[in-house]
Amino acid sequence: MEFDRFASSYDSSFMGRGSRRFYADLIRELDVEDGDAVLDVGCGTGSVLRYIADKKQINGFGIDVSENMVALARQKNPAFSFVAGDSARLPYADGSMDTVMACMAYHHFPNQAAFRREAWRVLKPGGSLYICDPRFPWLVRAFFNTFFKDAAFRTVQRNIADFAADGFRLANATKDFYVQVLCFDKPL
Ligand SMILES: C[S@@+](CC[C@H](N)C(=O)[O-])C[C@H]1O[C@@H](n2cnc3c(N)ncnc32)[C@H](O)[C@@H]1O
């Protein structure tokens, strides 16, 4: 697995340092309460859960396809529960999560439709899903999507349409030059 090879250097890498801008944008939008069950899909080294845990007493869960990323996430968040696994098959019970998020990860998921179905399944009615992903101009998006096998970058409009088609209700969308943070609700 590609991310396994550079898990130990991810946080200090160009990509890892670039991700901090995304963490800040996501955390500004996140609405979580003490006691909430919060799942980070494609959690990497567990940085976003770490930031949240500094502010709220959450029950944190993380899943990542890279075993090495998961090992680092465990070290960073010893109180939380992490598993190695795929975004297309989330090993959590129906309606068990208050919040599901994917930060800088959704564009890597090879089966985005399966992830959307799984996020819906594991969320409680009334729960929230956050997608924080790059928002590239079409030429950059086309370049990455064509030449990088793990890339499936989507526009804000495409993401909103895809999640709405699966039942999610758009609660909020923030975007700037190259970041999109989309918050969806699973209606009651
Ligand atoms: C760019 S990193 C972002 C990590 C973390 N969310 C962050 O913001 O620092 C993308 C992560 O998605 C994970 N990933 C890629 N495909 C995945 C899949 N199908 N299921 C779960 N995780 C996946 C990678 O292993 C990697 O850790």
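So, β4 and β5: these two strands run parallel, with 6 bridges joining them. Strands here are DSSP runs of E, at least two residues, and helices are runs of H or I, at least four, both numbered from the N terminus. Two strands count as paired if DSSP finds at least two bridges between them. Along this pair, Cys103 stands opposite Cys132 in β5.

Before I go on, this is a predicted model: local features need pLDDT of at least 70, side-chain atom pairs count only at pLDDT 80 or more, and totals for chains, interfaces and linings use all residues. Residue numbers start from 1 along each chain as its sequence is written.

Now, what does β1 do with β4? They pair in the parallel sense, over 3 bridges, and Asp40 has Met101 in β4 as its bridge partner. β4 is also mostly covered, with 6 of its 7 residues buried. Buried means 20 or more other C-beta atoms within 10 Å of a residue's own; exposed is 12 or fewer, partly exposed is in between, and the C-beta atoms are placed from the backbone.

Zooming out, we get an open sheet of 7 strands, in the order β3-β2-β1-β4-β5-β7-β6, with mixed pairing. At the edges sit β3 (81–84) and β6 (169–175), each pairing on one side only. From one strand to the next, the twist averages 15 degrees. Angles like that run from 0 to 180 degrees between N-to-C directions, using lines fitted to C-alpha atoms, for helices over the stretch in contact. Over at β6, 6 bridges join it to β7 (residues 179–185), and those two are antiparallel. Arg169 is bridged to Asp185 in β7.

Helices next. α6 (residues 112–122) lies across β1, β4 and β5, at about 145 degrees to β5. α5 (residues 67–76) lies across β2 and β3, at about 170 degrees to β3. Contact, by the way, means C-beta atoms, placed from the backbone, within 7 Å.

What about the core? The largest nonpolar core has 47 residues, and those touching the most other members include Leu39, Val100 and our Cys103. Such a core is a set of buried Ala, Val, Leu, Ile, Met, Phe, Trp, Tyr and Cys residues joined through C-beta atoms within 7 Å. Leaving out residues up to four places away in sequence, Leu39 touches Phe61, Tyr92, Met97, Thr99, Val100 and Val122.

Last, the ligand. Of the 21 residues around it, Phe3, Gly42, Gly44, Ser87 and His108 come nearest, where near means a C-beta atom, placed from the backbone, within 6 Å.

Notes: Contact = placed C-beta atoms within 7 Å.
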